[in-house]
Amino acid sequence: MTFEYAPAPESLAIVSIAPSYGLFINGEFVYPTDGTTFKTINPATEEVLAEMSEANQSDVNAAVNAARRSYDRIWSVMSGRDRAKYLFRIARLLQERAREFAVLETLDNGKPIRESRDIDVPLAAAHFFYHAGWADKLDYAGLGPNPQALGVAGQIIPWNFPLLMLAWKIAPALACGNTVVLKPAETTSLTAMLFAEVCQQADLPPGVVNIITGAGDTGRMLVEHDGIDKIAFTGSTEVGKSIGRAIAGTNKRLTLELGGKAANIVFDDAPIDQAVEGIVDGIFFNQGHVCCAGSRLLLQESIAEETIAALKLRLQTLRLGDPLDKNTDIGAINSPEQLNKIHELIKSGDDEGAQRWTAPCDIPDKGWWCAPTVFTNVTQAHRIAREEIFGPVLSVLTFRTPDEAVEKANNTPFGLSAGIWTEKGSRILWMANQLRAGVIWANTFNRFDPTSPFGGFKESGFGREGGIQGLAAYLQAANDSADQARGTS
Amino acid sequence: MNDRVEVRKTYKLFIKGAFPRSESGRTYEVHDTDDKFLANAAKASRKDARDAVLAARAGFDGWSAATAYNRGQVLYRVAEVMEGRREQFIADVQAAEGSGDKKSARVVDAAIDRLVWYAGWADKYAQVVGNTNPVAGPYFNFTIPEPTGVVAAIAPQDSSLLGLVSVIAPIVVTGNAVIVVASTRRPIPAITLTEVLATSDVPPGVINVLTGDPAEIAPWLASHGDVNAIDLTGVTSAELAKKLEIEAAGTVKRVRPPAQPNWLANPDLGRLRSFVETKTVWHPLGA
C-alpha cells in the first residue's frame, strides 16, 4: 500500500539570509582580520546559502579577550537575579522567533522541518528558560554555599543539532556566571549567527556571548588559548581525545560529550508495534545523526523475525525528501563528507558478510541523501556493530537471555545511552541498573528535556548537560579547588 | 635489654586479596626520616600493575553490585580493625613521617575517623546527589549516581596513612575498585593497612596496593584500557602529571589533578563525586 501526499512545503518567506556573515565579538558583527571565508551549503539542494567568516588567531584572541573583559567587569559581578532576566529574555526571544529559527536550521542542516520546528527550537528555548531560573539559586546546586563561576568557557558544538547544542552549552554557562566563546560547526553556523542577533535584541552585555565561525583550526586555537578556563566539547570521540591531550598539564576544566553506539534492546514480551516506533525514532530521527542513536538493535531471538518484518514494513512508509516539506521524515545528510563516511561503513557491512536491506524510496537528484538501511546477521565483530556510523543505518543483533543482552549491550567502549523494551517492570529496573550508559530510555527512546541530565559513561565522555548535575560543569565549590578535576565534577 | 631477636616482616604488594612479591623480583630500600634502614619494599612493575587492574575489574563486579548498607559495613569494619592496631599504625607513621608521638596519634585517629565518616556515606550519597527530574512530558525520570569502575590512584607522598585513607575511602565507598600506588618513600603504613584490609571483609580486588615508583607504574595505569579514572593526588612532578593526563585522554579517563590539601581538615563530597557517573532513566507514564 502506498500513500500519496501533496507537497506541503514550509514557507521560506520568514527568513532572510545575508550574503555574508562576520564574527560576533564583543556584541558586534565584525569581519575577520584576514578576510578568509567559507561557504555554507543547503545539503538538500547543494545551493550556497551564505559566505561565513573563518576566524583566525587574532580573531580568536579578540573573542577571548572580549569574553574575559566582560566576565571581569560585568557578568561575574552582576547579581544572579539580573543574569536570570537576560536568560529569560533570550528564552522568550527564541520562542517569538521560533519559526524563523526552525526554517533556517532546516535550510542549513537538512533536517526535516517537523523536527526543527517541534524538537530543536522548542527545546533550545526551554533550555534557556530552565537555566535562567538557576542563575539566582546556585547555592542549591549541590556544591555548597556560594559556588563560583569558572571564568571564560570555550565551547565547540557539532552540526547535528546546531541551535540545540548551542543552547545546551550557552544557557548553563551563563546561568552559572561564565562568559563564552562558542564555535559552531563549519557546515551549520547560520542559526548561531541568528542567535547572536537575539543576544543583541536581549541587550545582553557585549562580550558575554561571542560566536566565532570556522573549522577545526579555529577550534584548536580556542582550545589552546591561555585565556580559556573551561572547554566544553560535543563531537567525535577522536577529537575529544585530542582535546584531552591538548589541555593536559593546564588548569582548564573539560566536559566532553562524544560518540555512542547505543543498544536498543527488545524483549519478547514487548509490544512489537510500539517497539518498532521506538526503533525508528531511535535510529532514523535526524537521519541518524544523533550521538545517542539506538544504532545497535538487540532483538530477543524468539521475536527477531517478526520484529524485523514489522520494522521493514514501517520503514517503507517513511518519506525521504525535501526537508522543508512538513510530511518529510528523513531529510538530507548534512555534508558529502558525512555521506561518504556512511557509505564507507555500509560497504564494510556488505564486505564483512552482514545482510543489507534498504528502504525503497526515491532519492532526489540534487543534495546528499541516504535511504534508511537495516543490516541483519550482524556479529559483534563487524565494524557496523562497533563504530559509530552517524547515519540512518541500523545493525540488528540477537540475544537469548537478559544476561546476554547486557553483555552485548555493554560490549563497547562507548556508554552514552541505551533502550529497553519490555512490559516487565522488574526487568526494566534490573536492565537499567546493569547497562553502563548515562541515559537509559525504557519503553521510549530519544527523549530530551532541560531538567534531565545528558551525558555518557566510558569513552562517550564526561560531565553532564541539563539538570542540576549539569550545573557542576560550569561551577566550582567555593572552598575546593581540586573540584576542578577534569571530568570528575 | 631484651636479647630476643625480633622476627622481621617481608613487605609485599597487595593484589586480589593476596600478598605477592613483585613479579619482577625487585625491591627497594625504605628508610625512616633519619635515613635508618626500615625494610625492603616490593618495587612493582608493569606486570604487577596489569595484574592489579585485572583483580580490580573482577572485584568491581561484586563490589558495585553489593548493597550500599553492605559497603558501608565493610568500610566501617576496616575502621574497627584499624582501631585494634592503633599502636602499630602510630609506630609506623612515626617511623615513616618522623612525626612525634602526639602528632602521629592524631594522624592515625583522624585516618580511622575518616573511614567511619566515609563508611556512613555509602547509603546516603545517592540520596544527596541523585533526584527525580520534572520533565515536560508524560514520563517518570530519575537520576542516580553509579560508580565509575576501576580507578587508579597515586597516594600522597607525604601523608602516608591519613592521606592514603582519604584518597581510597571516597573511591571505594561508592562501589569503585581501586589500584593505589602508595607513597614511594613512606610505604610501610600502607602495607600495614593491607593487612587490615585482608582481615576486614573487603572482597579481593576491591582495594589493591602497589609499592614502588609512580613514574614507572602510573603511565601503564593511565593508558590501560580497563581503567576508567585516575586520581593524581600524590603526583608531585608537573611533568609526570601532564604525561599521565595525556595517556589518560586516550581512553577518555576521568582525571583528578594533583593536590596537597591539609589532610586533617574535614573533607567535603568533592572526592566522592569525582568517581561517580550520572545515570538518568526515563519511562513513560500511562494507565
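Trp168(A), Trp441(A), Phe445(A), Phe448(A) and Phe454(A) are joined into a cluster by ring pairs, a pair being two rings of Phe, Tyr or Trp (its six-membered ring) with centres within 6.5 Å, called stacked if the planes are under 30 degrees apart, edge-to-face if over 60 and tilted for the rest. This is a predicted model, in which local features need pLDDT of at least 70 and side-chain atom pairs count only at pLDDT 80 or more, while totals for chains, interfaces and linings use all residues. Residues are numbered from 1 along each chain as its sequence is written, chains are lettered from A and ligands numbered from 1 in the order in which they are written, and side-chain values use heavy atoms, with hydrogens and water left out.

Over all chains the structure holds 17 aromatic pairs. One of them brings together Trp75(A) and Tyr86(A), tilted, with 5.9 Å from centre to centre and 50° between the planes. This pair links distant parts of the chain, since Trp75(A) belongs to helix α1 (residues 57-75) of chain A and Tyr86(A), 11 residues apart, to helix α2 (residues 80-96) of chain A; helices (H or I, at least four residues) and strands (E, at least two) are DSSP runs numbered from the N terminus. Trp75(A) and Tyr86(A) are both buried, a term for under 20% relative accessible area, with exposed meaning over 50% and partly exposed in between (1.4 Å probe, protein chains only).

The structure holds 0 disulfides over all chains, a disulfide being a pair of cysteine sulfur atoms within 2.5 Å. The sulfur of Cys291(A) has its closest cysteine sulfur in Cys292(A), but the 4.9 Å between them is too far for a bond. Cys291(A) counts as buried because its relative accessibility is 11%.

Lys230(A) apart, the chain can also be followed through its elements: α5 (162-175), α7 (216-224), β9 (230-234), α8 (237-246) and α11 (336-351) of chain A each give two or more residues to the lining of the largest pocket. The largest share of that lining, 6 residues, comes from α8(A).
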